Amino acid sequence: MVSKTFTVLANAVGKPAEEIEMVAKEYPFALTPFLVRRVEEGTYSAAALQQFVPDMRELLDVDGYSSDPTHEENIRPEEATLQTYDNRLLIMLTHQCLVYCRFCFRKSFVGFPEHAISEMQFDKALAYLAAHPEIKDVVLSGGDPLAVPNRRLIPFLKKITTIPHVEAIRIDSRALSTHPARIDDELIDFLRSDDRFWYHAHMNHPDDINHPDVIAAVRRLLSACVPVFNQSVILHGVNDDAETMSRLMMSCYRNKVIPYNLYIFDHVKGAAHFDVSNERIEKIYTALSRLPGPAQPVLVYVDERSRKHRTIFDEPEDLHAFLARRDAFLARNEENKTALTAANV
Ligand code: SF4
């Protein structure tokens, strides 16, 4: 029998529940009770929900879309770490998430038990960090670090705070918009005890922030002197129009969440249906450049060769140069697809 959550989702987005359930067997699925409640109440739109609803198109193998689009496999000094820059280290605290975003660039990693991160791997990550005084900035990621309960998370954070050369600790998490109660008093009291913590939210649609519980959780973080920044991805069918994206950025600004990186979608296997045309990217970015300065995000993409974040400024020539390179990539894929189809005839 199809579960109640799948039935709720099916009704909300107009897809057969059996289809949703079938895809969820291939790629992990989870939705928090908070979001299920919002869908039932009608305060979370079908467009926002597309971020989390399994879709048959995830099972397509589209040429040019890869399971490791940013080549993370090549930049792991320790199993639970990623390092692109000398002065920054990303530590993966868990392979689990509170929700599984269907477009995630770690889609083939998160939620699969074989990628579980052990205590020994944590310890090795900490030892590596302690032995490298040039690392000033630590990003906690995963999976979602706030999928780890406080009884394990807080002792781990405490250990990082004992390393004096660490100047900033960023928590990258979707908890703020998907499970705001996770930003609880115990966590807030701990974060207040050390002034190096930052919170990086991941909100892609105005509905992600426009709820009293989410805004209350933002205020709890700010009350503990934890700055809150937001990162978003441009996603087909979710936020790929100038009006939706402008509302998202203004809602963030209005609630003292600083819009930070706006990512161009990585070519992730199983998520090609979220890719966005260059024309849309250009329209969105032109519209965002008219917002008040603090509401404007920075348009970035991850360079697939160097793994470094590249910023696209709002000078038309920067944007056009990037979009021309992206066009060439898409054209190459089209040629490959045509050649493959011809070969199969
Ligand atoms: S919460 Fe983050 S790591 Fe987890 S699926 Fe979503 S984007 Fe990926």
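The close-up views below show a predicted model.

**View 1. The loop that holds G143, with its cis peptide bond.** The loop in this view runs between strand β3, which covers residues 137–141, and helix α6, which covers residues 150–161, and G143 is found in it. The peptide bond that joins G142 and G143 is cis, with an omega of about 15°. Both G142 and G143 also belong to the residues around the ligand, which are the subject of the next view.

View 2. Between helix α10 (residues 212–223) and strand β6 (residues 228–233) lies a loop, and C225 is found in it. Although C225 is not a glycine, its phi is positive, at about 60°.

**View 3. Helix α1 against helix α2.** Helix α1 spans residues 4–13 and helix α2 spans residues 17–26, and their axes come within 8 Å of each other while crossing at roughly 120°. Why is this pair called oblique? Angles of 65 to 115 degrees count as roughly perpendicular and those over 145 as roughly antiparallel, and the crossing angle of roughly 120° therefore makes α1 oblique to α2. The crossing of these two helices, α1 and α2, is right-handed. On the α1 side the contact is made by F6, T7, L9 and A10, and on the α2 side by A17, I20 and E21. These contact residues divide into 5 nonpolar, 1 polar and 1 charged.

**View 4. Helix α1 against helix α3.** Helix α1 also packs with helix α3, which covers residues 33–41, and here the axes come within 10 Å and cross at roughly 45°. The two helices, α1 and α3, are therefore oblique to each other. Is the crossing of α1 and α3 left-handed or right-handed? It is a left-handed crossing. From α1, the residues T5, V8 and A12 take part in the contact, and from α3 they are V36, V39 and E40. By class, the contact of α1 with α3 contains 4 nonpolar residues, 1 polar residue and 1 charged residue.

**View 5. Helix α11 against helix α12.** Helix α11 (residues 242–254) and helix α12 (residues 278–288) pack with their axes 9 Å apart and at an angle of about 40°. Angles under 35 degrees count as roughly parallel, whereas α11 and α12, at about 40°, are therefore oblique to each other. Their crossing is right-handed. Where α11 and α12 meet, A242, M245, S246 and M249 of α11 face K283, I284, A287 and L288 of α12. The contact of α11 with α12 is made up of 6 nonpolar, 1 polar and 1 charged residues.

**View 6. The open sheet and its edge strand β1.** The sheet is open and has 9 strands, in the order β1-β2-β3-β4-β5-β6-β7-β8-β9, with mixed pairing. Its edge strands are β1 (residues 81–82) and β9 (residues 309–312), each of which pairs on one side only. The partner of β1 in this view is strand β2, residues 88–92, and these two strands pair in the antiparallel sense over 2 bridges. Within this part of the sheet, L82 stands opposite L90 in β2.

Conventions: Residues numbered from 1 in each chain as written. Predicted model: local features only at pLDDT ≥ 70, side-chain atom pairs only at ≥ 80, totals over all residues. Near = placed C-beta within 6 Å. Axes fitted to C-alpha atoms, helices over the stretch in contact; angles between N-to-C directions. Helix = DSSP H or I, 4+ residues; strand = E, 2+ residues; numbered from the N terminus. Left-handed = near helix turned anticlockwise from the far one by under 90°. Contact = placed C-beta atoms within 7 Å. Nonpolar A, V, L, I, M, F, W, Y, C, P; charged D, E, K, R; others polar. Pairing = 2+ DSSP bridges.
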